[in-house]
Amino acid sequence: MLGNFLILFFTAIAAGSLAYFIPNWQQRYFKLVLVFAGSYLFAITVLHILPELFVGTDDATNMGLYILLGFLLQQVLELFSSGVEHGHIHHGGHHHHGLQSGVFTLMIGLFLHAFLEGTLLSQDGILSDHLHGHEGHSHSHGSNNLLFGILLHKGPEAFALVAVLVGSLKKRWVFVLLVVFALASPLGMLLSSLLYEQSFIGSGALRVIYGMVAGGFLHISTTIFFESSPDHRFHLNKVLISVFAFALAISFEMIF
Ligand SMILES: [Zn+2]
Ligand SMILES: [Zn+2]
């Protein structure tokens with residue numbers, strides 16, 4: 001758990017710092033990284049998260065509703081965050097007014113999203129045990145792949161956050177906000193585990209949250225597909241990157 005906490009935190013810090021120190025980052029390369037991470041996120045959602053949620057539930061229809069609800073929640077959070085979680089970079093240089101409230105709402109939307117996302121990583125301590133009736137933590141099928149997919153998504157997310165903020169805030173404030181953001185997912189993971197272990201929330205409530213996070217992932221990853229080719233032209237390199245990400249996700253799912 002501590003290992004996951006540190007990996008999550010420092011991946012966000014590292015990816016965010018990259019944008020911080022390389023302000024003239026070529027957007028073309030970022031777009032390709034984004035497509036790769038988005039494809040990977042879509043793949044693990046479909047290959048790993050959704051099957052596990054549907055297999056472990058007594059009522060598949062309700063699980064479907066939680067996923068739809070999460071999709072809608074992500075749509076609302078996006079109003080606050082301006083789409084930073086799917087790597088949307090707005091070059092804010094030309095609209096300076098209303099900036100402070102803009103940063104504040106952005107951070108609220110992004111923090112909520114990342115916090116919820118982090119709860120998913122308590123899954124294999126909780127859900128799998130519940131599913132397979134194991135004592136302890138011996139069975140962790142695909143948990144590394146889930147972590148890997150979330151880390152891949154975390155990178156462009158942190159990068160986009162810094163790229164958006166650096167045009168409008170002092171650099172040290174950007175770093176403070178990056179640290180706040182980097183803490184969101186680890187805190188979500190820790191708090192949901194703690195609340196579960198102390199029996200404040202049951203596995204039923206956790207499954208509702210997981211379903212909603214999965215719905216959010218569907219929203220984020222498909223938005224990346226749409227925004228990567230707004231002109232609806234066929235971009236072979238993007239398709240190849242998606243195919244590569246899918247293949248990698250499938251192989252990791254089988255290996256780990
Ligand atoms: Zn967008
Ligand atoms: Zn995220």
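1. Lys154 and Glu117 form a salt bridge, with 2.6 Å between the closest N and O atoms. The term stands for a side-chain nitrogen of Lys or Arg within 4 Å of a carboxyl oxygen of Asp or Glu. The pair links distant parts of the chain, 37 residues apart: Lys154 lies in helix H6 (residues 143-165) and Glu117 in helix H4 (residues 99-119). Helices (H or I, at least four residues) and strands (E, at least two) are DSSP runs, numbered from the N terminus.

2. This is a predicted model, in which local features need pLDDT of at least 70 and side-chain atom pairs count only at pLDDT 80 or more, while totals for chains, interfaces and linings use all residues. Residues are numbered from 1 along each chain as its sequence is written, chains are lettered from A and ligands numbered from 1 in the order in which they are written, and side-chain values use heavy atoms, with hydrogens and water left out.

3. Glu157 and Lys154 are three residues apart in helix H6, so about one helical turn separates them. By the rule above, the count comes to two salt bridges. In general, side chains of opposite charge can pair when their charged atoms come close.

4. Glu117 counts as buried at 1%, and Glu157 counts as buried at 0%. Here buried means under 20% relative accessible area, exposed over 50%, and partly exposed in between (1.4 Å probe, protein chains only).

5. On the surface, Phe234, Leu236, Val239, Leu240 and Val243 form a nonpolar patch with about 500 Å² of accessible area together. Patches are made of residues with over 30% relative accessible area and no salt bridge, with like charges joined within 9 Å and nonpolar side chains (Val, Leu, Ile, Met, Phe, Trp, Tyr) within 5 Å. Areas come from the Shrake-Rupley method with a 1.4 Å probe; for residues, only the protein chains shown count as cover. Leu236, one of the patch residues, is in helix H9 (residues 236-255).

6. The protein chain has nine helices and zero strands. Of its 256 residues, 46% count as buried. The chain exposes about 12500 Å², 70% of it supplied by carbon and sulfur atoms. Among contacts (heavy atoms within 4.5 Å) with a separation of 6 or more, 85% are between residues 24 or more positions apart.
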